[in-house]
Amino acid sequence: MNFYIMTLFPEMVLSGLKTSILARGMDNGYIHVEAYNIRDYADNKHNKVDDYTYGGGAGMLMQAQPIYSCYQDIMKNIKEKDPDASVRVVYVTPQGSVFNQNMVREFSQSDNIIFLCGHYEGIDERVLEEIVTDYVSIGDYVLTGGELPAMVMIDAISRLVPGVLNNEESAQTESFDDGLLEYPQYSRPEVWMDKKVPSVLLSGNHANVDVWRFEKSLERTKERRPELYEKYVETHPDEFTAKSLKKRRKILDRIAEAEEN
Ligand code: ADE
């Protein structure tokens, strides 16, 4: 999978992504990340890429021409490698749809994603109309530029590219895969600051461990993300029949009893 970032700060994006798991994914050829400096495509001798806004208002706007030339250059490179490859062009902006794990899954199906990172007060609408396929925000707050959001999205999407995570990393039950938050986890020592690891986790009874973890996921989701919890209950009616609830209750009571002894 190939990621291209159109930015005024290529070194920011590259230095952030070339570490840890993503660096390994790049070295092994599963993902390819390239940053293009929009300023290199300015057609004036001062390499100016912004100007005042028509109609007035504070701040400067990024102009259409350098962005479009940069985009054309990237598209040329993509098409040279594979004329049939799929391409999405994502403008990262607080005016976009809010990024979530479903979008991560969908984007991970694309061969190429070009991210357009804005700065100043925004970008001339005409170039956006011409090239952008998706408008995406990473949350309801405003950052100084699109570089961090692009990095967030590249990280989340790369995790789903086959080969990027090793078996151990991908086998983990992760929050959001099934619509619930992840259960709490513990490592050595067994007692830390007078806090004991729940004894069910030391019992070796895997069926009980599964029931306990599922219950903790439910509790945590209900408390921290009630809207996700409601959705889960609606979409998994089998887990909440009187029979299922009774069966789980019985096992949880036994676990709680063992915990006290
Ligand atoms: N640019 C500035 N703020 C942003 C946000 N919250 N999401 C995406 N792009 C942005």
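# A tour of the predicted model

Begin by selecting threonine 93, which sits in strand β5. This is a predicted model. With a relative accessibility of 6%, threonine 93 counts as buried, because the cut-off for that class is under 20%. Leaving aside residues up to four places away in sequence, threonine 93 is in contact with Tyr135, Val136 and Ser137.

Next, select phenylalanine 99. Again leaving out residues up to four places away in sequence, phenylalanine 99 touches Val104, Phe107, Val136, Ser137, Ile138, Met153, Ala156 and Ile157. As background, nonpolar side chains tend to be buried together in soluble globular proteins.

**Helices α1 and α6**

Keep α6 on screen and show α1 with it. How do these two helices lie relative to each other? Their axes come within 10 Å and cross at roughly 30°. An angle under 35 degrees counts as roughly parallel, so α1 is roughly parallel to α6. The crossing of α1 past α6 is right-handed. To see where they meet, display Met12, Val13, Gly16 and Leu17 on the α1 side, and Glu147, Leu148, Met151 and Ile154 on the α6 side. Sorted by class, this contact of α1 with α6 holds six nonpolar residues, one polar and one charged.

**Helices α8 and α10**

Move on to helix α8 (residues 206-224) and helix α10 (residues 242-260), whose axes come within 10 Å and cross at roughly 105°. The two helices are therefore roughly perpendicular to each other. From α8, show Asn208, Val211, Trp212, Phe214, Glu215 and Leu218; in α10 they meet Arg248, Ile251, Leu252 and Ile255. By class, the contact of α8 with α10 has seven nonpolar residues, one polar and two charged.

The last stops concern backbone geometry. Most residues other than glycine have a negative phi, and most peptide bonds are trans.

Go to the loop between α7 (167-171) and β8 (191-192), where proline 189 lies. The peptide bond that joins arginine 188 to proline 189 is cis, with omega about 5°.

Then select tyrosine 120, in the loop between β6 and α5 (125-131). Phi of tyrosine 120 is near 55°, a positive value in a residue that is not glycine. Tyrosine 120 has a relative accessibility of 39% and so counts as partly exposed.

Finish at aspartate 194, in the loop between β8 and β9 (195-196). Aspartate 194 is not a glycine, yet phi is positive here too, at about 65°. Is aspartate 194 buried or exposed? The relative accessible area of aspartate 194 is 78%, and exposed means over 50%, so aspartate 194 is exposed.

Key:
Residues are numbered from 1 along each chain as its sequence is written. This is a predicted model: local features need pLDDT of at least 70, side-chain atom pairs count only at pLDDT 80 or more; totals for chains, interfaces and linings use all residues. Side-chain values use heavy atoms; hydrogens and water are left out. Contact means heavy atoms within 4.5 Å. Axes are lines fitted to C-alpha atoms, for helices over the stretch in contact, and angles run from 0 to 180 degrees between N-to-C directions. Helices (H or I, at least four residues) and strands (E, at least two) are DSSP runs, numbered from the N terminus. Angles under 35 degrees count as roughly parallel, over 145 as roughly antiparallel, 65 to 115 as roughly perpendicular and the rest as oblique. A crossing is left-handed if the near helix is turned anticlockwise from the far one by less than a right angle, and right-handed if clockwise. Ala, Val, Leu, Ile, Met, Phe, Trp, Tyr, Cys and Pro count as nonpolar, Asp, Glu, Lys and Arg as charged, and the others, Gly among them, as polar. Buried means under 20% relative accessible area, exposed over 50%, partly exposed in between (1.4 Å probe, protein chains only).
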